[in-house]
Amino acid sequence: MTITVISQGEGGLRQKVELEGFEDLYVDAPSVAGGDDSAPDPHDYFDLSLAACKAITAQMYAYRKGWPLTGVTVWVVRDERDERHGVYRLDVSLRFEGIDDAKQLDRLTEISDRCPIHRLMTTSTVDITTRQASPDQE
């Protein structure tokens, strides 16, 4: 899969995202960084990917077990004050609807920590290679 990000105008920081099968995805910088706050910023997408992955993983597990889960709400609170020192904190709260059994709730919370994005963020080494595109690259 290729994700393409294209600047949306002179002087602004808004970016259009081209992702196969999806339209109208944008990224912008917050106003304190010179953006227009017209779309989520890159940190927002980082954080929301964790929240969405936890919800999806818990739902998949509950459905597979036949548990009566009817919905998941995830809150993520970001603490980025020490990011420049290599520490980025995310406080995640989960609400599982339709389940009252404490053991099932605990298990869903535990399973949410096994979602692919949580693992990627906490246990993986991510190698990034950055280069200039060739003139004919699409």
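**Exercise 1.** Find out which residues form a nonpolar patch on the surface, and how much accessible area they have together.

*Solution.* Start with the patch: M1, I3 and V5 make it up, with about 380 Å² of accessible area together. Patch members have over 30% relative accessible area and no salt bridge, and nonpolar side chains are joined within 5 Å. A salt bridge would be a side-chain nitrogen of Lys or Arg within 4 Å of a carboxyl oxygen of Asp or Glu. Areas come from the Shrake-Rupley method with a 1.4 Å probe. Next, zoom in on I3, which lies in strand 1. I3 counts as exposed because its relative accessibility is 52% (exposed is over 50%, buried under 20%, partly exposed in between).

A quick note on the model: it's predicted, so local features need pLDDT of at least 70 and side-chain atom pairs 80 or more, while totals for chains, interfaces and linings use all residues. Residues are numbered from 1 along each chain, and side-chain values use heavy atoms, leaving out hydrogens and water.

**Exercise 2.** Work out how the rings of F46 and Y88 are arranged.

*Solution.* First, check the rule: ring centres must lie within 6.5 Å, and planes under 30 degrees apart are stacked, over 60 edge-to-face, the rest tilted. Two aromatic pairs turn up by this rule. For F46 and Y88, the centres are 5.7 Å apart and the planes sit at 75°, so this pair is edge-to-face.

**Exercise 3.** Classify the pair Y61 and W67.

*Solution.* Their ring centres are 5.5 Å apart with planes at 75°, so they're edge-to-face. Finally, both Y61 and W67 are buried.

How values were computed
Patches are made of residues with over 30% relative accessible area and no salt bridge: like charges are joined within 9 Å, nonpolar side chains (Val, Leu, Ile, Met, Phe, Trp, Tyr) within 5 Å. Helices (H or I, at least four residues) and strands (E, at least two) are DSSP runs, numbered from the N terminus. Buried means under 20% relative accessible area, exposed over 50%, partly exposed in between (1.4 Å probe, protein chains only). Rings of Phe, Tyr and Trp (its six-membered ring) pair if their centres lie within 6.5 Å; planes under 30 degrees apart count as stacked, over 60 as edge-to-face and the rest as tilted.
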